Amino acid sequence: MSRSLRRGALAATALVISIASLSACGAGNDAQTLGVRPDNAAVTVEDVQIQNAVVITQPEPGAEGPAVVSATVFNNGRSDETLESISLPGTNAKVTLKAAQGSGPITVPAGGSVVIGGKGNASATIENGREAAKNGDAQKVVFKLSKTGDVELEAFVVPATSYFKDFGPAEIPKPPAATPSGTATPSGTATPGHGAATPGHGAGATSTPTGEASHSAGH
């Protein structure tokens, strides 16, 4: 191969590498399929893996109402697991579990997974959410499974906004109803002593037919 051909081949190779590098950078920075998601808690114990665990509170700071635990539970074992409870050590919080179908326990099938939180999925509701979790904290959460036992991790506490909006509490307190500024008095209501009919005058008087002469009294 002549020197000119070799130089041409090298230049073409360098150009391909440059384009590939730029494409990779573009995908890393702009591609929607590589959108940045929060780095939530994850843990693996035996055949059970829990990912994206997070405690989600009310969207408005200080608002009363429940919070929820959201996570994905994977079962890599050969038999089903039942999620018996979720607890928040160090608090008096009670977490109520509900299967996606609305009845029965939350079952994590062998070789499958269960999503907790979000529309149409299983749910884990913290009744006294405001007392149990504070935004910005890392809250210890324990998942108790029928075969694996306790699986513990620390989950971030975040409000139900932005990415977490669709996974937050289903019950959002409504703002208080507006109170009328004053009590209106019905117009046209007669006040005693003013405008009321007085016997002998107006409504209480007995009318005499017009044009009828009273002859009997004078004769």
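Student: What should I know before I look at the model?

Tutor: This is a predicted model, in which local features need pLDDT of at least 70, side-chain atom pairs count only at pLDDT 80 or more, and totals for chains, interfaces and linings use all residues. Residues are numbered from 1 along each chain as its sequence is written, and side-chain values use heavy atoms, with hydrogens and water left out.

Student: What is the mean pLDDT of the protein?

Tutor: pLDDT is the predictor's confidence in each residue, from 0 to 100. Here the mean is 73, and 59% of the residues reach 70 or more. Over residues 2-37 the pLDDT stays under 50, and the model has 5 contacts beyond four places in sequence for them; a contact means heavy atoms within 4.5 Å. Residues 194-219 also stay under 50, with 4 contacts beyond four places in sequence.

Student: How many helices and strands are there?

Tutor: Helices (H or I, at least four residues) and strands (E, at least two) are DSSP runs, numbered from the N terminus. This protein has 3 helices and 10 strands. Along the sequence they follow the pattern α-β-β-β-β-β-β-β-β-α-β-β-α. Among contacts with a separation of 6 or more, 66% are between residues 24 or more positions apart.

Student: How do I read pairing between strands, say for β9?

Tutor: Two strands pair if DSSP finds at least two bridges between them. β9 pairs with β4 in the antiparallel sense over 4 bridges, and Leu 83 stands opposite Leu 145 in β9. β9 also pairs with β10, again antiparallel, over 8 bridges. Lys 144 has Asp 150 in β10 as its bridge partner. A hairpin of 3 residues joins β9 to β10.

Student: Which residues touch the most other members of the largest nonpolar core?

Tutor: In soluble globular proteins, nonpolar side chains tend to be buried together. A nonpolar core is a set of buried Ala, Val, Leu, Ile, Met, Phe, Trp, Tyr and Cys residues joined through side-chain atoms within 4.5 Å. Buried means under 20% relative accessible area, exposed over 50%, and partly exposed in between (1.4 Å probe, protein chains only). Buried residues make up 25% of the 219 residues here. The largest core has 31 residues, of which Ile 50, Val 69, Ile 86, Ile 116, Ile 126 and Phe 143 touch the most other members. The elements giving two or more residues to this core include β2 (48-57), β3 (67-75) and β9 (138-145). A second, separate core of 6 residues includes Ile 56, Val 68, Ala 160 and Phe 164.

Student: What does Ile 50 touch?

Tutor: Not counting residues up to four places away in sequence, Ile 50 touches Ala 41, Ala 42, Val 43, Ala 71, Thr 72, Val 73, Phe 143, Val 151 and Leu 153.

Student: Is Thr 148 buried or exposed?

Tutor: Thr 148 lies in the loop between β9 and β10, and it counts as buried because its relative accessible area is 14%. Its side chain makes a polar contact with the side chain of Glu 81 at 2.4 Å. A polar contact is a pair of N or O atoms within 3.5 Å; within protein, one must be able to donate a hydrogen and the other to accept it, and residues adjacent in sequence count only if both atoms are side-chain atoms. Beyond four places in sequence, Thr 148 is in contact with Val 45, Glu 46, Val 48 and Glu 81.

Student: Where is Asn 75 found?

Tutor: Asn 75 is in strand β3 and is buried, at 1% relative accessibility. The side chain of Asn 75 reaches the backbone oxygen of Ser 79 at 2.9 Å.

Student: Which phi does Asn 52 have?

Tutor: Most residues other than glycine have a negative phi. Asn 52, although not a glycine, has a positive phi of about 55 degrees. Asn 52 is in strand β2 and is partly exposed, at 41% relative accessible area. Ser 162 also has a positive phi of about 55 degrees without being a glycine. Ser 162 lies in the loop between β10 and α3 (215-218) and counts as exposed at 69% relative accessibility.
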